[in-house]
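I opened the notebook to record what I looked up in this structure. The entries follow in the order of my checks.

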Amino acid sequence: MWVRRTPVVAALAVVTLVGALGVFAVVRSFSGGLKLPRIGPECVVRADGEVTLDYVQMANAATITAVGVRKGMPERAVVIALATALQESKLENLDTGDRDSVGLFQQRPSQGWGTVEKIKDPRYSADKFYTALKKVKGYQKMRVTDAAQKVQRSAYPNAYEKWADESAVLAKALTGRATGAVECSVSGSPVLRGAAASAALLEGLRLDWGKGLTESATTGPAAGLTVAVADVNAGWRYAHWLVAHASATGLERVRFADLEWHAPDGKWQAATAQGGADSRRVIAEVFD
């Protein structure tokens with residue numbers, strides 16, 4: 001369970017933690033709040049606010065969002081799902097929890113959510129959460145914490161509300177309503193290259209987004225894939241998803257519309273003349 005601290009208390013807690021462990025990580029940063037340094041790589045999401053996550057959290061947030069969009073759930077449902085996962089697991093796919101709780105949403109096999117193996121699949125657990133949320137009458141008009149509690153039945157029913165703002169930022173970006181909003185800097189040697197990297201990207205896209213995608217693999221010096229899109233929002237959904245999963249797939253570059261993202265600096269910038277600008281497809285290149 002996460003507890004909101006005042007800046008002074010939070011700072012003292014960090015000092016204590018650094019002294020004991022030598023390292024620490026920050027999982028949240030919102031405009032106006034305490035922003036602490038992070039050791040290691042990170043992702044920053046900016047869409048009417050700012051949220052900082054690590055690679056694992058970012059990828060899980062993107063997957064939760066993709067599952068919601070694929071199921072036809074409204075953005076409000078995505079906000080509720082993200083807030084729930086932030087509270088329950090810090091957007092990490094946990095092996096353990098309270099009693100027999102596991103996974104992103106800390107769902108319990110004993111309560112009918114499925115087997116441990118299934119719940120540990122982020123796509124399965126997100127799908128089960130949305131299915132349960134859809135049955136909550138009027139959830140779109142409820143406070144985030146009230147809607148989440150209807151599904152989770154937590155001993156701390158008001159805990160989800162503190163993540164409402166952060167979740168709204170993530171949902172706006174990951175549903176494609178913000179431009180160039182997800183930035184992850186990826187340094188060091190890529191985990192995958194060439195055909196293996198392209199295959200990993202393609203598999204992840206299909207698992208998260210389903211069979212409705214029109215995509216094709218590319219080969220040669222700019223190996224990767226392209227995804228055809230119907231509109232700008234769809235383009236940014238896939239572009240942001242790709243960046244969110246970059247660290248585990250060997251992704252080097254993403255181009256969409258007139259912008260491109262490059263792994264080492266992690267920023268969206270004006271597309272190069274050689275790469276061109278295309279609002280009809282998202283172009284992903286992997287390390288060769």
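Which residues form one aromatic cluster? I found Phe105, Phe129 and Tyr130 in it.

**Ground rules**

I am working on a predicted model, where local features need pLDDT of at least 70, side-chain atom pairs count only at pLDDT 80 or more, and totals for chains, interfaces and linings use all residues. Residues are numbered from 1 along each chain as its sequence is written, and side-chain values use heavy atoms, with hydrogens and water left out.

**Aromatic pairs**

I took the pairing rule first. Rings of Phe, Tyr and Trp (its six-membered ring) pair if their centres lie within 6.5 Å; planes under 30 degrees apart are stacked, over 60 edge-to-face, and the rest tilted. The count by this rule is five aromatic pairs. I looked up phenylalanine 105 with phenylalanine 129: this pair is stacked, at 4.9 Å centre to centre and 15° between the planes. Phenylalanine 105 sits in the loop between helix 3 and helix 4 (116–119), and phenylalanine 129 in helix 5 (residues 122–134), so the pair ties together parts 24 residues apart in sequence.

My cut-offs are under 20% relative accessible area for buried, over 50% for exposed, and partly exposed in between, with a 1.4 Å probe and protein chains only.

Next I checked tryptophan 236 and phenylalanine 256. Their aromatic pair is edge-to-face, with 5.3 Å centre to centre and 90° between the planes. It links distant parts of the chain: tryptophan 236 is in helix 9 (residues 232–244) and phenylalanine 256 in strand 6 (residues 251–257), 20 residues apart. Tryptophan 236 is buried at 2% relative accessibility. Phenylalanine 256 is buried at 1%.

**Alanine 178**

Tryptophan 236 came up again here. I list contacts as heavy atoms within 4.5 Å. Not counting residues up to four places away in sequence, alanine 178 touches Ala47, Lys172, Ala173, Trp236 and His240. I placed alanine 178 in the loop between helix 7 (164–174) and strand 3 (182–184). Alanine 178 counts as buried, at 10% relative accessibility. I also took one C-alpha to C-alpha distance: alanine 178 and valine 232 are 9.8 Å apart in space and 54 residues apart in sequence.

**Disulfide**

How many disulfides does a search of the whole structure find? I got one, taking a disulfide as a pair of cysteine sulfur atoms within 2.5 Å. Cysteine 43 and cysteine 184 form it, with their sulfur atoms 2.1 Å apart. The link is right-handed, with 115° about the S-S bond. Cysteine 43 is in strand 1 (residues 43–46) and cysteine 184 in strand 3, so I noted a pair that links parts of the chain 141 residues apart. Both cysteine 43 and cysteine 184 are buried.

**Strand 5**

I then followed strand 5 (residues 224–228). Four of its five residues are buried, and I logged the strand as mostly covered. Two strands pair if DSSP finds at least two bridges between them. Five bridges join strand 5 to strand 4 (residues 214–218), and the two run antiparallel. Five bridges also join strand 5 to strand 9 (residues 278–286), again antiparallel. Valine 227 is the bridge partner of glutamate 215. In strand 9, valine 227 has valine 282 as its bridge partner.

**Threonine 145**

Threonine 145 lies in helix 6 (residues 144–152). Threonine 145 is buried, with a relative accessible area of 0%. A polar atom of its side chain lies 2.6 Å from the backbone oxygen of proline 157. Beyond four places in sequence, threonine 145 touches Pro157, Asn158, Ala159, Tyr160 and Glu161.

**Proline 74**

My last entry is proline 74, in the loop between helix 2 (55–70) and helix 3 (75–89). Proline 74 is partly exposed, with a relative accessible area of 24%. Leaving aside neighbours within four places in sequence, I found proline 74 in contact with Tyr139 and Gln140. The C-alpha atoms of proline 74 and glutamine 140 are separated by 8.5 Å, at 66 residues apart along the chain.

Methods:
A polar contact is a pair of N or O atoms within 3.5 Å; within protein, one must be able to donate a hydrogen and the other to accept it, and residues adjacent in sequence count only if both atoms are side-chain atoms.
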